[in-house]
Amino acid sequence: MIRLVVFSIFVLAVNGDYCYNDVVQSCGAIGGSISNCNSNYSGVDTVQPDLQHYAATHIDQNFQFLLMSAYFNNYEANREGFSKLYRQLADDAWEDSIDLIKYMAKRGFNMNYNIVPRKKVRIQSYKMYELSSLATALDMQKVLAEQAHEIHSEVTVRKKRYHDAETINFIEKEFVSKHADRIRDLAGHANDLHQLIAGNKDPSLAIYLFDEHLKKVLA
């Protein structure tokens, strides 16, 4: 019985698309390929394009937030709190993109840096008011959150071609809750600032105090 089981496994390895099969064949041929000797398995192949677009969106948002931070840090806008907020979001987007690229390398494929993000919040001008900048940042974070949910939904399909437990765990652990927290914070900032300046003929003092608040909590 034991010999029969071992023999069955051996036949499966030789006849299937496995690393072992590649090695056996390449040993008998000059320049043989062992293309199946990689870390690609389960449903990650199907979700690979979505992971790359997700990483590209993070990289794109990193640059957008850096430009927003630079604008509010100039001598005219002079909003250090808002500048710190958008610099932090830029750093978060960059670090998350690195985590995604590392994960893709771990699972057997490389990042395509020529990919253009599928979803993007179009910013007409970085010379924006404080409240409109918060609204823009909130929309940008929602784009990332929705992409994470789409990837999660794709790899939870109970079919061999799509299901990938490792990607499910990665998305849940590293992104889902972080996006929810950032969206909550930005929505709170937008509503707080709106209440401070609503109906105020000269909202400059209220905006200044709110900026000072951001500067302290982000210090």
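Buried, as the word is used in these legends, means under 20% relative accessible area, while exposed means over 50% and partly exposed lies in between (1.4 Å probe, protein chains only). This is a predicted model, in which local features need pLDDT of at least 70, side-chain atom pairs count only at pLDDT 80 or more, and totals for chains, interfaces and linings use all residues. Residues are numbered from 1 along each chain as its sequence is written, and side-chain values use heavy atoms, with hydrogens and water left out.

**View 1. The protein chain as a whole, with its helices.** The protein chain has 7 helices and 0 strands, where helices (H or I, at least four residues) and strands (E, at least two) are DSSP runs, numbered from the N terminus. Followed along the sequence, the pattern of the protein chain reads α-α-α-α-α-α-α. Of the 219 residues in the protein chain, buried residues make up 40%.

**View 2. Ala 93 in helix α4, with His 58.** Ala 93 has its place in helix α4, and because its relative accessible area is 3%, Ala 93 is buried. Although Ala 93 and His 58 are 35 residues apart along the chain, their C-alpha atoms are separated by 5.1 Å.

**View 3. The packing of helix α3 with helix α5.** Helix α3 (residues 44–72) packs with helix α5 (residues 130–155) at an angle of about 170°, and their axes are 10 Å apart; axes are lines fitted to C-alpha atoms, for helices over the stretch in contact, and angles run from 0 to 180 degrees between N-to-C directions. The helices α3 and α5 are therefore roughly antiparallel to each other, given that angles under 35 degrees count as roughly parallel, over 145 as roughly antiparallel, 65 to 115 as roughly perpendicular and the rest as oblique. The crossing of α3 and α5 is left-handed, a term used if the near helix is turned anticlockwise from the far one by less than a right angle, with right-handed used if clockwise. Sorted by class, the contact of α3 with α5 has 13 nonpolar, 9 polar and 3 charged residues, where Ala, Val, Leu, Ile, Met, Phe, Trp, Tyr, Cys and Pro count as nonpolar, Asp, Glu, Lys and Arg as charged, and the others, Gly among them, as polar.

**View 4. Helix α4 against helix α7.** Helix α4 and helix α7 (residues 204–217) pack at an angle of about 45°, with their axes 7 Å apart. The helices α4 and α7 are therefore oblique to each other, and α4 passes α7 in a left-handed crossing.

**View 5. Aromatic rings, with Phe 65 and Tyr 86.** The structure holds 9 aromatic pairs; rings of Phe, Tyr and Trp (its six-membered ring) pair if their centres lie within 6.5 Å, and planes under 30 degrees apart count as stacked, over 60 as edge-to-face and the rest as tilted. Phe 65 lies in helix α3 and Tyr 86 in helix α4 (residues 80–106), so the pair ties together parts that are 21 residues apart in sequence. Phe 65 is buried, because its relative accessible area is 0%, and Tyr 86 also counts as buried at 0% relative accessibility. Ring pairs link a cluster that holds Phe 65, Tyr 71, Phe 72, Phe 82, Tyr 86 and Phe 210.

**View 6. Lys 178 over the ring of Phe 175.** Lys 178 lies over the face of Phe 175, at 5.5 Å from the ring centre. A charge sits over a ring if NZ of Lys or CZ of Arg is within 6 Å of the ring centre and within 35 degrees of the ring normal.

**View 7. Asn 78 in the loop between α3 and α4.** Asn 78 is placed in the loop between α3 and α4, and its phi is near 50°, a positive value in a residue other than glycine. Most residues other than glycine have a negative phi. With a relative accessible area of 55%, Asn 78 is exposed.

View 8. Pro 117 is found in the loop between α4 and α5 and is buried, with a relative accessible area of 17%. Pro 117 and Tyr 54 are 63 residues apart in sequence, yet 7.3 Å apart in space, C-alpha to C-alpha. Gly 108 is likewise found in the loop between α4 and α5, and at 35% relative accessibility Gly 108 counts as partly exposed.
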